[in-house]
Amino acid sequence: MNHFCLLFINYIECSLFRNIKMEFRKAEEGDLALILELFEANVLANTDYTEEQKEIWASSVNNLEMWKGKIKDNFFLLAFENDKLMGFSSLGPMDYVDMMFVQKDEFGKGIASKLLLNIEEEAKQYDLSQLYADVSVSARGFFEKSGYHVVKTNRNIRKGIHLKNFRMKKVL
Ligand SMILES: CC(C)(COP(=O)(O)OP(=O)(O)OC[C@H]1O[C@@H](n2cnc3c(N)ncnc32)[C@H](O)[C@@H]1OP(=O)(O)O)[C@@H](O)C(=O)NCCC(=O)NCCS
C-alpha cells in the first residue's frame, strides 16, 4: 500500500486514540502560520532549557524558506482534532525524523505516539530499516518509550549558545 493510501485511511478513519478524535494529513505551504505558532509556543513553554537557549531555538521561525522547504520536500504530517492543529512530525531526507512537536497544553494524550506511528509506517514504505532523530532533553523520554536509544550526545552551538540534544536511533 503506498503512502497516499495510508494517509487517506488515516484521514478518514477519525480513530479514537485515548479518547481523542484525530485526523492526519500532509502539510501544505498554507499551513505554515499554524505550524510556526505551535512550534514557537511549544519551545517557549519548555522548562528544560534556559530562556536564552529557548530564544535561539524558537528563532528558527524567522527562517521561512527553511520551513517551506521542509513542508515541500519532506513527509510533513499534521494531526488535527476538530480542526485544531494538535501536533506535527516529519520524515526528513532518508531515515531522519526531523520534527516532533505537540501543542503545549495537549501533552500526554497520545498525539506524538500516533504521529510517530505514521512516520514509521511511511519509512517502512521506502524499505528503511532504521530511523534517526536529534531529540531534545524534553523529548528523550518519549522517544525511549517509543523504542529509540541514545547513540550520542550532540553539542550544538548556535550563536555561541550550547543547545544540548541527543542523536537517537531505532531499528524498525
Ligand atoms: C515529547 C512530546 C513530543 C511528546 O508528546 P505527547 O503527545 O505528550 O506524547 P504521548 O502522549 O504520545 O506519549 C507517549 C508515551 O510517552 C510518554 N512520554 C511522553 N513524553 C515523555 C517524556 N518527556 N518523558 C518520558 N515519557 C514521556 C508518555 O507518558 C506516554 O507513555 P504511556 O504510553 O506509557 O502512557 C511533547 O511532550 C513535546 O512536544 N515536547 C516538547 C517539544 C520537543 O522537545 N520536541 C522534540 C524536539 S526533538
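These are my notebook entries on one predicted model.

**Ground rules.** I number residues from 1 along each chain, as its sequence is written. The model is predicted, so local features need pLDDT of at least 70 and side-chain atom pairs count only at pLDDT 80 or more, while totals for chains, interfaces and linings use all residues.

**Entry 1: overview.** I looked up the secondary structure and found 6 helices and 9 strands in the protein chain. Helices (H or I, at least four residues) and strands (E, at least two) are DSSP runs, numbered from the N terminus. Next I checked burial: 27% of the 172 residues count as buried. A residue is buried if 20 or more other C-beta atoms lie within 10 Å of its own, exposed if 12 or fewer, and partly exposed in between; the C-beta atoms are placed from the backbone.

**Entry 2: the sheet.** I traced an open sheet of 7 strands with mixed pairing. Its order is S3-S4-S5-S6-S7-S9-S8. Strand S3 (23–26) and strand S8 (149–158) are the edges, each pairing on one side only. Two strands pair if DSSP finds at least two bridges between them. S6 and S7 run parallel, joined by 2 bridges. Val97 stands opposite Ala133 in S7. I then looked at H5, which packs on the sheet and touches S3, S4, S5, S6 and S7. The direction of H5 makes about 35 degrees with that of S5. Such angles run from 0 to 180 degrees between N-to-C directions, with axes fitted to C-alpha atoms, for helices over the stretch in contact.

**Entry 3: the core.** I looked for the largest nonpolar core and found 34 residues. A nonpolar core is a set of buried Ala, Val, Leu, Ile, Met, Phe, Trp, Tyr and Cys residues joined through C-beta atoms within 7 Å. Leu77, Phe88 and Ala133 are among those with the most contacts inside the core. H5 gives the largest share of this core, 6 residues. Which residues does Phe88 contact, leaving aside its neighbours within four places in sequence? Phe88 is in contact with Ala27, Ile35, Leu38, Phe76, Leu77, Leu78, Ala79, Met99 and Phe101. Contact puts the two C-beta atoms, placed from the backbone, within 7 Å.

**Entry 4: the ligand.** I counted 19 residues around the ligand. The closest are Ala112, Ser113, Ser136, Ala139 and Gly141.

How values were computed
A residue is near a molecule or strand if its C-beta atom, placed from the backbone, lies within 6 Å of it.
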